[in-house]
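Hello,

Here is the structure we talked about. My notes follow below it.

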Amino acid sequence: MSRSDRRAPRPGVEWEYDKVSFSREFSRNVVTKLLVERAEHGGWELDRVRIGSDGTRRVILRRKIIRAVRTA
């Protein structure tokens, strides 16, 4: 259902991506609620939505990767 990977669109900022697919049986309101929940609890934001000819929604979410810096 989902897959995560990482890529750096510009220097200094790293993003983690998660691909999620929703069947056409899910209503728009249900998909919205599920995505809002992931945004609020997981820190994800919407990157891209594609709706296929079969009605399947393919959503790509992203969130910043925050690296901890050691202080000595």
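**Surface and core**

Val30 is partly exposed, at 35% relative accessible area (partly exposed lies between buried, under 20%, and exposed, over 50%, with a 1.4 Å probe and protein chains only). This is a predicted model: local features need pLDDT of at least 70, side-chain atom pairs count only at pLDDT 80 or more, and totals for chains, interfaces and linings use all residues. Numbering runs from 1 along each chain as its sequence is written, and side-chain values use heavy atoms, leaving out hydrogens and water.

Val30 sits in helix H1, residues 28-42 (helices are DSSP runs of H or I, at least four residues; strands are E runs of at least two, both numbered from the N terminus).

The largest nonpolar core has seven residues: Val20, Phe22, Val31, Leu35, Trp44, Val59 and Leu61 (a core joins buried Ala, Val, Leu, Ile, Met, Phe, Trp, Tyr and Cys through side-chain atoms within 4.5 Å). Strand S2 (13-22), H1 and strand S4 (57-64) each give two or more of these residues.

Seven of the ten S2 residues are buried, so S2 is largely enclosed by the rest of the structure.

Now the strands. S2 and S4 pair antiparallel over eight bridges (pairing takes at least two DSSP bridges). Val20 has Val59 as its bridge partner in S4. Strand S3 (residues 45-51) also pairs antiparallel with S4, over six bridges. There, Glu45 is partnered by Arg62. S3 and S4 form a hairpin with five residues between them. Gly55, in that turn, has a positive phi of about 95°.

Best wishes
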